[in-house]
Amino acid sequence: MPRYYTEEHEWIDVDGDVATVGITDFAQGQLGDIVFVEVPDTGAELSQGGDAAVVESVKAASDVYAPVDGVVTEGNGQLEEDPALVNSDPEGEGWFFRMTLSDKSQLDALMNATAYKAFCDDL
Amino acid sequence: MTESEQAGEEAAPTATLPLDAWHRAKGGRMVEFAGYWMPIQYEGIMAEHLWVRENAGLFDVSHMGQLMLWGDTDQAVADALEALVPGDISALKAGRMRYSLLLAEDGGILDDLMITNEGGRFGIVVNGAVKWDDIAHLREHLPDDITLNHNEDFGLLALQGPKAVDALARLVPEVTGMVFMQAIAATWNDHPIGISRSGYTGEDGFEISLPNEAMGAFADALCGMEEVKPIGLGARDSLRLEAGLPLYGHDLDPDIDPIEADLGFAISKRRREEGGFPGAARILGHYTDGSPRKRVGLLVDGKLPVREGAKLFDGEREIGVVTSGGFAPSVGAPIAMGYVPRDHAAPGTAIAAEVRGKRVLCTVTAMPFVPHKYVRKQGG
């Protein structure tokens, strides 16, 4: 299952026409202790680069952006009870939402794991 | 265009504190604050916050302004200060300090500050973000025979938490006999240092003024002890919020007077009776009759943090604004402080905050959110 990354530090796992989205380990490290996550409602229409979710650390609220166009099929309900999952397992159990892919060609502009690592090393 | 020309046209460049390299070596994540590069956190705000409540944390607050005032007599300096602040400075004995407020002509708060009678001179510690404005205000309004010195050769550290006294006593044994809001002059490794039993976390603790060149070794000596860790600005903010202590520029500003800010305790009894401080008519009127609005604490229902700028509502009616807020690690829930009308200020009053278009239920509550642990009497 290919995983892509955005310059805004979201990851997206693509499985056929559905994708899972979260924030990267680098992002959670920058944010620090996460105390609240607001995931989008099922059925919400997202557009690439637009607001999709909000993650709140002790210090501040940060927006999470949609990596591609699509419709939300499921939010991660576990994050309501245990937002710290985003700190402990950001690229696994701490996923934010699942969505359909309206335009798979949008994935071409995203980074793969190697390119994303190089991107973070330059920050 | 050269860098210096650029700097001249823009805001002053961000300055570094004497311990800048020390913070970076300790893993501090540096951010710009009050014109300085300062550590926002080391290992993480939550862990640092909880560490201070259980152990002892070392904060670098060298961005704050350390001022010294002296004149022909201490009484002359006290009288001059009393024309600018509402505290009873004349009654402040040598070796004692007091929280006070620098007031504008209309009674609005220009800054909150600590005034210490150091015997022969007064020390004032002011907020970093407004220190240059404070200095200009003091120079303009103090009589010419009062001398004001901004001591930039000294830094300021705060050691806070229940184990602070044990840690600091290994370096300066006489601190064990001090009480809250007492100040002493001491020496450490031949360096002159000033120590007060005070702070801004709600915990017992100390603030230590010391020469810039001694700071690194002093910080190392403390952080070499198992109960002491360096703590960043992030935890300093969450600690003071839980302690119900206002932060200048957020919870206090020139539009707000001391009674609105629920800082009536800073208007000493004699000053209430005599007046003679800026904005006395407005402030004493509010003291007697109540102010139209008041700073209150808010317990937030649920987990969504309510932060500075969130509007407060009673039903559909907008009634106020949150001035500080966030997740409170020791409470385990979000808390906030803000301004509401007098008739909404009683503890238990239910109101709502608006966060991203959603209404969040809040209950007005007495502050502090976490009890203060000041050591007011020795042997008590």
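These legends walk through a few views of a predicted model with chains A and B. Residues are numbered from 1 along each chain as its sequence is written, chains are lettered from A and ligands numbered from 1 in the order in which they are written, and side-chain values use heavy atoms, with hydrogens and water left out. Because the model is predicted, local features need pLDDT of at least 70 and side-chain atom pairs count only at pLDDT 80 or more, while totals for chains, interfaces and linings use all residues.

**View 1. Chain A, with four helices and nine strands.** Helices (H or I, at least four residues) and strands (E, at least two) are DSSP runs, numbered from the N terminus. Of the 123 residues, 46% are buried, where buried means under 20% relative accessible area, exposed over 50%, and partly exposed in between (1.4 Å probe, protein chains only).

**View 2. Chain B, with 10 helices and 20 strands.** The radius of gyration here is 21 Å, close to the 21 Å from the globule rule for 380 residues, so chain B too is as compact as a globular protein of its length. Its C-alpha trace spans about 65 × 65 × 50 Å along the principal axes. Buried residues make up 57% of the 380 in chain B. Look at contacts (heavy atoms within 4.5 Å): among those between residues at least 6 apart in the sequence of chain B, 66% join residues at least 24 apart.

**View 3. Helix H8 of chain B, residues 233–242.** Nine of the 10 residues in this helix are buried, so H8 is largely enclosed by the rest of the structure. Among the buried ones are B:Leu233, B:Arg236, B:Leu239 and B:Glu242. What lies over them? The cover includes strands S2 (29–33), S3 (36–41) and S4 (56–60), along with helix H3 (45–54). Strands S17 (317–328) and S18 (333–341) of chain B are also part of the cover. After H8 comes B:Gly244, with a positive phi near 75°.

**View 4. B:Glu82, in helix H4 (residues 74–82) of chain B.** This residue has a relative accessible area of 7%, so B:Glu82 counts as buried. Setting aside neighbours within four places in sequence, its contacts include B:Asp88, B:Ile89, B:Arg270, B:Arg271 and B:Phe277.

**View 5. B:Pro341, in strand S18 of chain B.** Is B:Pro341 buried or exposed? Its relative accessibility is 19%, so B:Pro341 counts as buried. Beyond neighbours within four places in sequence, B:Pro341 touches B:Pro292, B:Arg293 and B:Ile319. The C-alpha atom of B:Asp112, 229 residues away along the chain, sits 23 Å from that of B:Pro341.

**View 6. Two cysteines of chain B, B:Cys223 and B:Cys362.** B:Cys223 is buried at 15% relative accessibility, and B:Cys362 is buried at 0%. How many disulfides turn up in the whole structure? A search over all chains finds zero, a disulfide being a pair of cysteine sulfur atoms within 2.5 Å.

Technical notes: Rg over C-alpha atoms; globule rule 2.2 N^0.38 Å.
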